[in-house]
Amino acid sequence: MVKITIGRHEGDRRWYDTFEVEEKPGMTLLEALFYIQERLDGGLCFRYSCRGAVCGSCAMLINRRPGLACRTQLSDVKGEVINEAHRDQILLKKAPLDANKEEVIVEPLPNLKVIKDLVVDMEHFYMLLDAVKPWINIPDDRSHEENIIDPHLQMQIERYTNCILCATCHGSCPAAARNSNYMGPAALAKAWRFYLDPRSNKEDLAELLTTIDSKEGIWGCDVVYNCVNVCPRKVPPTTAILKFRDVLKKE
Ligand code: FES
């Protein structure tokens, strides 16, 4: 049996519940949450969709580190010794934690409002994303043109298109914890993806650089690489932010 302690939220009430789950070989944390919901507490709320690390819905704090429940093997995280240095960087809440127990601690993603239990409100995250206008405006008279992209450039862009908008980066970000208006790693990584794209037009790129050139934008980053370390798709937002800083310093 594995003990799973879950940070519960309902309205203004916050508390922790511990459940015992019968572990099966290859069981993921998401499957363990289903076990709890189906057999022990039907009121437990969590979000999921694809169950295959594609939709980004099941992001949560797992032993104080943001991650995807569907991609986390229970055997990898039970009784895990928490890295104290890392915990200091990203831990935003205090909760019972005993690393010696065969236990997993699961909590909602930080830096976003909690709706219930492990479900956070993604509205703010999407609003920050919208601020960088993550799309390409192609004039109607050019919409049927073929766009051939250099394969080397395409590989650079692809590092950023891999983002699944799970918000694990946002949940690990100390700048987002301090300032809710900080655009955050996901939006700035997305901005870099469109900055690199040769189909983006000059006017839109000039507007983009103005949008991100502030303490709420690229200058707000602490450059601690939490976002890079937790991203399940290996997107490197800090690299994008530093590249943007180089671009703006040269202007
Ligand atoms: S359920 Fe889709 S990423 Fe986990």
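User: Two residues are in contact if their C-beta atoms, placed from the backbone, lie within 7 Å. Which residues in α8 meet α5?

Analyst: This is a predicted model, and the limit of 7 Å is applied to it here. On the side of α5, the partners are Leu153, Gln156, Ile157, Tyr160 and Thr161. The residues in α8 that they meet are Ala189, Lys190, Trp192, Arg193 and Leu196.

User: How is α5 oriented relative to α8?

Analyst: The axes of α5 (residues 151-161) and α8 come within 9 Å, and their crossing angle is roughly 160°. Angles over 145 degrees count as roughly antiparallel. The angle therefore makes α5, relative to α8, roughly antiparallel.

User: How many charged residues does the contact of α5 with α8 have?

Analyst: In this contact, α5 passes α8 in a left-handed crossing. By class, its residues include 6 nonpolar and 2 polar ones. The number of charged residues is 2.

User: Why is α8 described as oblique to α11, and at what angle do they cross?

Analyst: Helix α8 spans residues 184-196 and helix α11 residues 237-250, and their axes come within 8 Å. Angles from 65 to 115 degrees count as roughly perpendicular, those under 35 as roughly parallel and those over 145 as roughly antiparallel, with the rest oblique. The angle falls in that remaining class, so α8 is oblique to α11. The two helices cross at roughly 60°.

User: Which residues of α11 make the contact with α8?

Analyst: The crossing of α8 past α11 is left-handed. From α8, the contact takes Pro185, Ala186, Leu188, Ala189 and Trp192, and the contact as a whole divides into 9 nonpolar, no polar and 1 charged residues. The residues from α11 are Pro237, Ala240, Ile241, Lys243 and Phe244.

User: What distance separates the centres of the domains?

Analyst: The domain assignment gives domain 1 (2-119) and domain 2 (122-250). Their centres, taken over C-alpha atoms, are separated by 28 Å.

User: Which element gives the largest share of the side of domain 1 that touches domain 2?

Analyst: Between the domains, 19 residues of domain 1 are in contact with 19 residues of domain 2. On the side of domain 1, β3 (59-62), β4 (65-68) and α3 (84-90) each supply at least two residues. That side divides into 12 nonpolar, 4 polar and 3 charged residues. Its largest share, 4 residues, comes from β4.

User: What is the radius of gyration of the protein?

Analyst: The secondary structure comes to 11 helices and 7 strands, and the C-alpha atoms fill a box of roughly 60 × 35 × 35 Å along the principal axes. A compact globule with 251 residues would have a radius of gyration near 18 Å, and the protein agrees with this at 20 Å.

Notes. Residues numbered from 1 in each chain as written. Predicted model: local features only at pLDDT ≥ 70, side-chain atom pairs only at ≥ 80, totals over all residues. Domains from an automatic or database assignment. Nonpolar A, V, L, I, M, F, W, Y, C, P; charged D, E, K, R; others polar. Axes fitted to C-alpha atoms, helices over the stretch in contact; angles between N-to-C directions. Left-handed = near helix turned anticlockwise from the far one by under 90°. Rg over C-alpha atoms; globule rule 2.2 N^0.38 Å.
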